[in-house]
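Have a look at this chain with me.

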Amino acid sequence: VGPICDKFLPFIKKISERNQNISLIGTKSLTELPLDLILCAIVPYRIETRFGRSVTMLNKGFQLLSVGLPLIVRGMPNFIKSKCIFNVDCVSDFSYALFQVQKNFNNLQSDISHLVNVNSDEQRYWEFIDHIKASHVD
């Protein structure tokens with residue numbers, strides 16, 4: 001789901017052609033997705049880019065989580081830690097993460113709910129205000 005870098009498009013197309021359960025959907029809103037057919041959100045970035053090292057959460061990360069999708073991320077070593085977020089570095093890590101999501105999908109839902117609740121817009125707002133107050137020097 002979403003835009004695919006032109007450089008990776010042939011690779012992604014080849015994977016989706018070989019695997020009936022992988023689809024290229026393109027850019028869609030979450031309400032347009034067949035969520036009952038989606039196991040997880042996969043978010044790959046090139047490993048060890050400056051951008052990837054600085055990411056702790058995606059703009060759509062909590063939106064994806066809020067509809068019950070565990071995240072599998074790559075190339076973002078400082079991404080938020082949670083049982084419902086799998087940070088992978090290689091193909092075997094990715095395969096293991098997919099296996100764990102498939103095996104534990106229902107059990108992961110409570111971890112997802114907790115993570116979304118403690119990171120609500122209001123919670124993040126008050127945390128931001130606390131940081132401002134803590135950094136304020138008289």
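## A loop residue to start with

Asn 119 sits in the loop that links α4 to α5 (121–135). This is a predicted model, so keep that in mind for everything below. Is Asn 119 buried or exposed? Its relative accessible area is 14%, and since the cut-off for buried is under 20%, Asn 119 counts as buried.

Which residues does Asn 119 touch, once neighbours within four places in sequence are set aside? The contacts are Phe 62, Ile 80 and Arg 124.

Now step back to α4, which covers residues 91–118. A straight helix of 28 residues would span 40 Å at 1.5 Å a residue, yet the end C-alpha atoms of α4 are only 31 Å apart.

Several α4 residues are buried: Ala 97, Gln 100, Val 101, Leu 108, Ile 112, Leu 115 and Val 116. An α-helix makes a turn every 3.6 residues, so residues three or four places apart point the same way. The cover over the buried residues of α4 includes α3 (61–66), β2 (71–74) and β3 (85–88).

## The nonpolar core

The largest nonpolar core takes in 28 residues, and Leu 65, Leu 71, Phe 79 and Ile 85 have the most contacts inside it. Elements giving two or more residues to this core are β1 (41–44), α3, β2, β3 and α4. Which element gives the largest share? That's α4, with six residues.

Leu 71 is a handy one to click on. Not counting residues up to four places away in sequence, Leu 71 touches Ala 41, Gly 61, Leu 64, Leu 65, Phe 79, Cys 84, Ile 85 and Phe 86.

## The whole chain

Zooming out, the chain has five helices and three strands, and along the sequence they run α-β-α-α-β-β-α-α. How much of the chain is buried? Of its 138 residues, 28% count as buried.

Take the contacts between residues at least 6 apart in sequence: 58% of them join residues at least 24 apart. As for the surface, the chain exposes about 10,000 Å², with carbon and sulfur atoms supplying 55% of that area.

Conventions:
Residues numbered from 1 in each chain as written. Predicted model: local features only at pLDDT ≥ 70, side-chain atom pairs only at ≥ 80, totals over all residues. Heavy atoms only, no water. Helix = DSSP H or I, 4+ residues; strand = E, 2+ residues; numbered from the N terminus. Expected span 1.5 Å × (residues − 1). Buried < 20%, exposed > 50% of the residue type's maximum accessible area, 1.4 Å probe, protein only. Contact = heavy atoms within 4.5 Å. Areas by Shrake-Rupley, 256 points an atom, 1.4 Å probe, with all protein chains shown as cover. Core = buried A, V, L, I, M, F, W, Y, C linked by side-chain atoms within 4.5 Å.
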